Amino acid sequence: VRFAEAEGRDVVSTASAKTIARVDALLVDAGTRRVAGLKLKKYAGDGDTLAWEDLHAFGRDVVTIDSTDGIRPAEGRLAELAGKDKRLVGKRLLEESGTELGRVEEVEFDPATGAVTTLLTSTEEIAGERLLGVGSYAVVVRRAT
Amino acid sequence: VSLLVRGKEVLKRPVVTLDGEDVAQVKDVVYAPDGGSVVGFTLAGRGLFAGPRSEVLSWSSVHALGRDAVMISGADALGPPDQLDADADDEDGGRGARRGRGGRGGRSNVLGARVLTDDGTDIGEVVDVVLQVDGAADVVGYELEASAALGTEGRKVLVPLPDTLAVSDEALIVPAAATEYVAEDLSGFGAAVEAFRRRLRGERS
């Protein structure tokens, strides 16, 4: 699933069957190469961050959660990942050799596991497992093997 | 795969960690006292108003020197300025370097030096250094502003260097055969350097 499709998806409670929020952004941990959590918008309660572990499912149409208890103010690692420096889309893409590969135009992930599967530039598809780091200047990926 | 790059092209190149942070940029390239290799870089801060930085980047801490960035593992790869002196001294001991020309010693460079062939022809003035990056960063050639002797006076050409060469306050001496391996641009220059050095080895044995 592409980030652009996933962002904006409704978050529905399995307990109340009501839409309680909307996905604002996917938070990627470059160390594990996975989506570590979601940043939410339009949530009536306190907090706007949800850890991946607290999802019931990242479904084809909506994201489901069993309880709103997991929705908290951003803190710790997730707060760090929510910063602009940690966004992938739109950032310069550098290979560890010091060669620029273009800009990250889109990211795809596996909705079952949260694993980042592909980084897309305008000309290339780069396997998510090559992801090394995400910083304010660039997204860095391993050399192709 | 080795990469050929001009010394001047490396200037201002960002120094980026594998975490994607641009922690500095290259201010100057520092060569070993014998001029044969790069020992590291002096640095400047990033951004419009950033000045020089006191930390340096020694070659041993470089993860990769690429076309668009100098990659390092993390910000702790930068070290105090004396790191480059230490490295330079190591090179000195290991290679029996010459400390002749002020230009070639440690911190300075060969830019502006005359290049003479061993049969006594002035072939031009050094305007840039060609590095081959392949684990180490070796100086494999010079870009010259050619003299009339090369038949391309005033044009910029690339001349391959032998493994070691004689240098003084006045000039650098290269084997006359170097003029047969002159290239116009970096594509193909790697092969020219190899062919030239192969020939020198052949002549010696």
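Rings of Phe, Tyr and Trp (its six-membered ring) pair if their centres lie within 6.5 Å; planes under 30 degrees apart count as stacked, over 60 as edge-to-face and the rest as tilted. Ring pairs of this kind link F3(A), W52(A), F58(A) and F109(A) into a cluster. This is a predicted model, in which local features need pLDDT of at least 70 and side-chain atom pairs count only at pLDDT 80 or more, while totals for chains, interfaces and linings use all residues. Residues are numbered from 1 along each chain as its sequence is written, chains are lettered from A and ligands numbered from 1 in the order in which they are written, and side-chain values use heavy atoms, with hydrogens and water left out.

Over all chains there are 6 aromatic pairs. In one of them, the ring centres of W52(A) and F109(A) are 6.3 Å apart and the planes stand at 85°, so the pair is edge-to-face. W52(A) sits in the loop between β4 and β5 (57-58) of chain A and F109(A) in strand β9 (residues 106-109) of that chain, 57 residues apart; strands (E, at least two residues) and helices (H or I, at least four) are DSSP runs, numbered from the N terminus. W52(A) and F109(A) are both buried, where buried means under 20% relative accessible area, exposed over 50% and partly exposed in between (1.4 Å probe, protein chains only).

Another pair is in chain B. The rings of Y181(B) and F196(B) have centres 5.6 Å apart and planes at 50°, so this pair is tilted. Y181(B) lies in the loop between β13 (171-174) and α3 (189-204) of chain B, and F196(B) in helix α3, so the pair ties together parts that are 15 residues apart in sequence. Y181(B) has a relative accessible area of 17% and is buried; F196(B), at 0%, is buried as well.

Chain B also holds an open sheet of 6 strands, in the order β5-β4-β3-β2-β7-β6 and with mixed pairing. Two strands pair if DSSP finds at least two bridges between them. The edge strands, each pairing on one side only, are β5 (52-58) and β6 (62-65) of chain B. Strand β4 (residues 38-44) of chain B pairs with β5(B) in the antiparallel sense over 5 bridges, and F41(B) has L57(B) in β5(B) as its bridge partner.

F41(B) and L57(B) also belong to the largest nonpolar core, which has 53 residues; together with Y142(B) and F189(B) they touch the most other members. A nonpolar core is a set of buried Ala, Val, Leu, Ile, Met, Phe, Trp, Tyr and Cys residues joined through side-chain atoms within 4.5 Å. A second, separate core of 32 residues includes L55(A), L93(A), L101(A) and V134(A).

Most residues other than glycine have a negative phi. A17(A) lies in the loop between β1 (10-13) and β2 (19-29) of chain A and is exposed at 65% relative accessibility. K42(A) lies in the loop between β3 (34-41) and β4 (49-51) of chain A and is exposed at 62%.

The model scores ipTM 0.89 and pTM 0.84. For chain B the mean pLDDT (the predictor's confidence in each residue, from 0 to 100) is 83, and 86% of its residues reach 70 or more. Over residues 89-108 of chain B the pLDDT is below 50. Where pLDDT is low, the predicted coordinates should not be read in detail.

Key: Contact = heavy atoms within 4.5 Å.
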